[in-house]
Amino acid sequence: MSKTKTANPELDTPTDLDASGVAKVSTALNTLLADAFALYLKTKNFHWHISGRHFRDYHLLLDEQSDQIFATTDQLAERVRKIGGATIRSIGHIAKLQTLKDNDEKFVPPREMLRELMEDNKKVAAAMRKAHKVCDDAEDVASASLLENFIDETERRTWFLFEATRQEGGNEA
């Protein structure tokens with residue numbers, strides 16, 4: 001069994017990964033998990049508060065994207081547990097680990113909402129690549145493989161948000 005300080009001994013799942021690798025992978029995945037919850041809530045916030053002439057399209061896009069983001073949370077947390085690590089337990093813990101900034105503004109114009117979400121998704125993809133390297137270094141192929149799919153999904157969200165924010169007749173960012 002791994003002897004990590006990240007999980008209570010009674011929750012320490014047997015793994016062939018070394019304790020240092022478990023600790024590093026757990027830390028990386030928990031940060032991604034916190035950001036996934038932060039991005040999920042921000043996406044839902046914007047979904048609930050979007051307005052304007054493209055309301056229906058943006059409302060549906062953000063609902064679809066928030067569902068996709070939320071679907072990653074259980075897989076990330078369970079991956080941490082599968083290797084014997086401990087994962088987040090509260091909103092407060094999420095707040096301590098998240099790297100994405102919340103948006104508590106009373107009104108955000110629709111294009112700014114989409115651009116902010118696009119930038120956040122780009123940050124998440126970059127963080128996933130860094131976490132992938134941590135997984136590779138720990139020889140945790142399963143976590144790395146999981147991240148490869150999530151990177152692709154995140155890049156797809158970024159692409160859709162970019163296309164939705166383009167100006168009519170232009171290709172400017």
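**Entry 1: a starting question**

Which helices do the buried residues of α5 pack against? I looked this up and found α1 (19–49), α2 (55–82) and α4. By "buried" I mean under 20% relative accessible area, with exposed being over 50% and partly exposed in between (1.4 Å probe, protein chains only).

A note to myself on the source: this is a predicted model, where local features need pLDDT of at least 70, side-chain atom pairs count only at pLDDT 80 or more, and totals for chains, interfaces and linings use all residues. Residues are numbered from 1 along each chain as its sequence is written, and side-chain values use heavy atoms, with hydrogens and water left out.

**Entry 2: the overall picture**

I found five helices and zero strands in the protein, and from the N terminus the order reads α-α-α-α-α. Helices (H or I, at least four residues) and strands (E, at least two) are DSSP runs, numbered from the N terminus. The C-alpha trace spans about 60 × 30 × 20 Å along its principal axes. Of the 173 residues, 45% are buried. I also looked at contacts, meaning heavy atoms within 4.5 Å. Among contacts with a separation of 6 or more, 74% are between residues 24 or more positions apart.

**Entry 3: α4 and α5**

Next I looked at α4 (residues 110–137) and α5 (residues 141–165), which pack at an angle of about 160° with axes 8 Å apart. Axes here are lines fitted to C-alpha atoms, for helices over the stretch in contact, and angles run from 0 to 180 degrees between N-to-C directions. The two helices are therefore roughly antiparallel; the label needs an angle over 145 degrees, while under 35 is roughly parallel, 65 to 115 roughly perpendicular and the rest oblique. Their contact has 15 nonpolar, six polar and eight charged residues. In this sorting, Ala, Val, Leu, Ile, Met, Phe, Trp, Tyr, Cys and Pro are nonpolar, Asp, Glu, Lys and Arg are charged, and the others, Gly among them, are polar.

I checked lengths too, taking the expected span as 1.5 Å times one less than the number of residues. α4, with 28 residues, reaches 41 Å from its first C-alpha to its last, close to the expected 40 Å. Just after α4, I noticed E139 with a positive phi of about 60°.

The buried residues of α5 include L146, L147, F150, I151 and T154.

**Entry 4: α1 and α2**

This pair also packs at an angle of about 160°, with axes 9 Å apart. That makes α1 roughly antiparallel to α2. I listed the residues of their contact as 14 nonpolar, nine polar and three charged.

Is T72 buried or exposed? This residue of helix α2 is buried, with a relative accessible area of 6%. Leaving aside neighbours within four places in sequence, I found T72 in contact with A36, F150 and E153. F150 is also one of the buried residues of α5. Finally, the C-alpha atoms of T72 and L33 are separated by 8.0 Å, though the two residues are 39 apart along the chain.
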